[in-house]
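I opened my notebook to look at how the chains meet and where the ligand sits. Here is what I looked up, entry by entry.

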Amino acid sequence: MHKKATYLIPYLLWIGLFVIAPMALIVYQSFFNITGHFTLGNYEQYLTNGVYLKMTFNSILYALIITLSTLLISYPTALLLNRLKNKQLWLLLIILPTWINLLLKTYAFIGLFSQNGSVNDFLRFVGLGSHQILFTDASFIFVAAYIEIPFMILPIFNSLAELKPSMINASRDLGANSWQTFRRVILPLTMPGVKAGFQAIFIPSLSLFMITRLIGGNRVITLGTAIEEHFLVTQNWGMGSTIGVILILAMFVVMYLTRDRKVKGGRIR
Amino acid sequence: MKKWRISNLYLALVFIVLYLPIFYLIFYSFNVGDTMDHFSGFSWRHYATLLSDSRMISIVLNTLIIALLSSLIATIVGTMGALGIYSAKKATVKNGLLSLNNVLMVSPDVIIGASFLIFFTFLGFSLGFGSVLLSHIAFSIPIVVLMVLPKINELPKTMVDAAYDLGASSWQTLTKVILPAITPGIFAGYFMAFTYSLDDFAVTFFVTGNGFSTLSVEIYSRARQGVDLEVNALSTLMFIVSLLLVVGYYLLGRYNQNRRLQRVKAAEAKINQ
Amino acid sequence: MADNVIEFKKVNKSFDETRVLNEIDFEIEAGKFYTLLGPSGCGKTTILRLIAGFADVTSGDILFEGQRVNGLPANERQVNTVFQDYALFPHLNVFENVAFGLEIRKLKKNEIKIKVDEALKLVHLSGYGRREIAELSGGQQQRVAIARAIVNEPKVLLLDEPLSALDHKLRKEMQGELRDLQRRLGITFIFVTHDQEEALAMSDQIFVMNAGKILQSGSPVDIYDEPINHFVADFIGESNIIPGKMRQDYIVNFDGQDFECVDAGMKPNEPVEVVIRPEDLDIAPIDTGQVNVTVDTQLFRGVDYQITAHDAMNNEWKINSIHPTKIGQTVALAFDPEDIHIMRYGETEDDFDARLETYD
Ligand SMILES: Nc1ncnc2c1ncn2[C@@H]1O[C@H](COP(=O)(O)OP(=O)(O)OP(=O)(O)O)[C@@H](O)[C@H]1O
Ligand SMILES: [Mg+2]
């Protein structure tokens, strides 16, 4: 029995030091101001200073736009992929880019979107003239969506692959046309995949700071950038932690909203 | 038949968009010139620069050392943790440990980075190799646990009893019966921890200091200064390494298990349960 | 002709190179209970899928009430299916599942309610409307699947082994209920099974299939008493099949003896197969019957004894008898000319029917 305790020590130590302590510390830190005095001021400032609220609102808005546009592109892709012959192989090709370092993919867009980059070349070629693409909101959303697409396709693909073909046949059999079958059978039955994708993308989109910095320009537009800014630039850790706590809360809210609503004994609608 | 054509066109478009940036990077790594917008001729020039860039090479080595060490230690601690969770008698203890285990699996990287930064500063721990290594170990442990635990749960209870029955001590039972049986899980955990570490940017970015850098952080700081085709050359090499890793994982049957994909899977499992 | 709801005309179906249906021809009359019977993989499901519109023929025609329906999508056909795995929608409750087809047809809310309640009552599930599918037993799910199909009042109901997942007792019960339901509704049922007992118990008409072909069609009694060939005889019930020779009309030779029989129309001395059902054999004291056999095994089955024995020519005999014998004992087997059924080698169903015409 003594032995058991000994071999567990490193793991318990890890839980204590790297799970509980940091989370506790970020909450603790959020109650201190920049000069190290205990205060509720950070929260007060967060809630009353329009800048923070607006930033939070924008961050949520951006994350929503990113997630929804990713969904819009990914659902049809997953649907079509599922019809292909070697679908697992094609899926592997969708997943492959996720293995390329995120920084490199983002970096590629600096080249593609630059003033004389290929995208502007193309725009000039089709007669639309060149534009400032880099450091705009649109480019930030585009790159973020680009990065996230595989993470949305995968869960939707999986839920589609699990869908029994007899479900679709049954729906057709009962008189539903393709669209009605999609609306009433396929979509509801693949909702778990959509929700998983939503979770997997929405939260990281709130906390992005690297893409924001490189592609969106030096602006604070997400909760993630705000945290990075407060911790690494202005050194206002208290405020940074406060925003961190908000982000953690947002995470719980998203997980709650996208949880499986099917509860034992009945369904909540 | 027209439908067929449109749908294939759509898929082709998705694949093009997905791969274009990557091949764009690789393409320009062979550019004689210094920009990513005009290809003026083929050359290995940027590869030569890369290979003679001693700072870059030492960063590559740092990255590898951190990845190898952190995944090794995370595997040891994680395996012990999985054994501990397995042997917990009470269901509440077991579930409690599992929930704590998963906190770092679901937390956004910025939160992990920021909270670790506070933690190290609080302890007066100097930032650099040590803090980066500890952080990588910390965020890799939960995945090792999640890889090893199912393997332990699969073990027939009677197997352990049989070992005791045949006169093995608990230590012998562990090393001669349990560990060999869960080796595949331990290896999977190790490889995953390794990719987690190689892939990480955000956490390292927060907890590094004193000039210590890893590849991701280095690429970030160079990219902030604009286009540098040495980075393109580097990305070509990294692309090849990733490809080899994926092929390796594919052969091992677990290609879809880098950090983000693991999180997607966790979300799926939670929603589907 | 006008009564045929469905007709198959020289229907072939291939997947890639492999042909799974071969020149299928049949007619389905309105209001009857049909069964497709055959071993696994013989193409039963494929036929249902062609009728429902989930798959297209490779060649040939399918007619629905005289109209060619090849290529007509499933949602525009007046048939409904009860799937082998029920295919109930897990995201909808019992009521919503049954209402699905009606909602698609945009019926009014109260009309839907009336029809759904009626359908649920028909399958003895009144009051189960709000249940989730996962909360139902296998038998209940199967009945929801039936309700979901019949509520649309289809001309034809297709049932793909709907009873295969049920336990023996429930299965027997549901066989009765289904048959009953079909009579009450007057809808044509096309029922798929590979259980011959089930087919015999339920059908007006049976199609016996093997390897993508329909071997024989007819009423249960016809098929049981006059199987067309070795396969059908063997597949439908137990039988003793002994090689023999047709001496002349109404005289067959097997086991070294001539026997009187009721079949005719073959060539003199044509080699044939002789079928005698185990339950048609009576055990009698030695030398008082047609054949003497020695008992090899005996198995008590509750209602009777299943006995195997061999004769002097080493042909094996299966006998069902309510009286026990002793292993090793030699007994006589007694049977009547009507118990003997003669099958020609390679005779098609058309030839078979034509030959019966000649002496019936
Ligand atoms: N989509 C398909 N592609 C290729 N072959 C198929 C396909 N569907 C069915 N088959 C083949 O067609 C043949 C008939 O299949 P079918 O499902 O009709 O058999 P069945 O009589 O219903 O069998 P069971 O009693 O097992 O359900 C089988 O050999 C099967 O392998
Ligand atoms: Mg079948």
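This is a predicted model: local features need pLDDT of at least 70, side-chain atom pairs count only at pLDDT 80 or more; totals for chains, interfaces and linings use all residues.

**Entry: chain A against chain B**

Next I looked for polar contacts between chain A and chain B and got a count of 10 residue pairs, both partners being at pLDDT 80 or more. Helix α1 of chain A (residues 2-29) brings the largest share of the side of chain A that touches chain B, namely 20 residues. Sorted by class, that side of chain A has 62 nonpolar, 18 polar and nine charged residues.

I then asked how many residues take part: 89 residues of chain A are in contact with 84 residues of chain B. The area buried between chain A and chain B comes to about 7900 Å², and carbon and sulfur atoms give 78% of it.

I picked B:Met80, which lies in helix α3 (residues 54-87) of chain B. What does B:Met80 touch, not counting residues up to four places away in sequence? I found A:Tyr7, A:Leu8 and A:Pro10. While I was there, I checked B:Met80 against B:Ser169, 89 residues apart along the chain, and their C-alpha atoms are separated by 18 Å.

**Entry: chain B as a whole**

I counted 12 helices and zero strands in chain B. Read from the N terminus on, the elements of chain B run α-α-α-α-α-α-α-α-α-α-α-α. I also took the span of the C-alpha trace of chain B along its principal axes, which is about 75 × 65 × 30 Å.

**Entry: chain A against chain C**

On to the other partner of chain A. Here 22 residues of chain A are in contact with 27 residues of chain C. Chain A and chain C bury about 2100 Å² between them, with 52% of it on carbon and sulfur atoms.

How many salt bridges does the rule find across the interface of chain A and chain C? I got two. I looked up C:Glu103, which forms a salt bridge with A:Arg184, and the closest N and O atoms are 3.1 Å apart. My note beside this entry is that side chains of opposite charge can pair when their charged atoms come close.

On the side of chain A that touches chain C, α8 (165-173), α9 (178-189) and β2 (266-267) of chain A each supply at least two residues. Of that side, α8(A) gives the most, with seven residues. By class, the residues of the side of chain A that touches chain C divide into seven nonpolar, eight polar and seven charged.

**Entry: the wider search**

I widened the search to the whole structure, which gave 23 salt bridges over all chains. I came back to the pair I had looked up: C:Glu103 lies in helix α2 (residues 94-104) of chain C and A:Arg184 in helix α9 of chain A, so the pair joins two chains.

Which of the two pairs of chains in contact shares the most contacts? It is chains A and B. Chain B and chain C do not touch, and their nearest C-alpha atoms are 13 Å apart.

**Entry: ligand 1**

Last stop, the ligand. I listed what surrounds ligand 1, and the residues include C:Phe15, C:Val20, C:Cys42, C:Lys44, C:Thr45, C:Thr46, C:Glu161 and C:His194. C:Ser40, C:Gly41 and C:Gly43 are also among them, and I looked at these one by one.

- C:Ser40 has a polar side-chain atom 2.5 Å from an oxygen atom of ligand 1.
- C:Gly41 has a polar backbone atom 2.7 Å from an oxygen atom of ligand 1.
- C:Gly43 has a backbone N or O atom 3.0 Å from an oxygen atom of ligand 1.

Taken alone, ligand 1 exposes 630 Å², and the protein buries 58% of that. Helix α1 of chain C (residues 44-52) gives the largest share of the shell around ligand 1, with three residues. I sorted the shell by class too, and it has three nonpolar, six polar and two charged residues.

Definitions and conventions
Residues are numbered from 1 along each chain as its sequence is written. Chains are lettered from A and ligands numbered from 1 in the order in which they are written. Side-chain values use heavy atoms; hydrogens and water are left out. A residue is near a molecule or strand if one of its heavy atoms lies within 4 Å of it. A polar contact is a pair of N or O atoms within 3.5 Å; within protein, one must be able to donate a hydrogen and the other to accept it, and residues adjacent in sequence count only if both atoms are side-chain atoms. Accessible areas come from the Shrake-Rupley method with a 1.4 Å probe; for residues, only the protein chains shown count as cover. Helices (H or I, at least four residues) and strands (E, at least two) are DSSP runs, numbered from the N terminus. Ala, Val, Leu, Ile, Met, Phe, Trp, Tyr, Cys and Pro count as nonpolar, Asp, Glu, Lys and Arg as charged, and the others, Gly among them, as polar. Contact means heavy atoms within 4.5 Å. Buried area is the accessible area (1.4 Å probe) that two parts lose on being put together, summed over both. A salt bridge is a side-chain nitrogen of Lys or Arg within 4 Å of a carboxyl oxygen of Asp or Glu.
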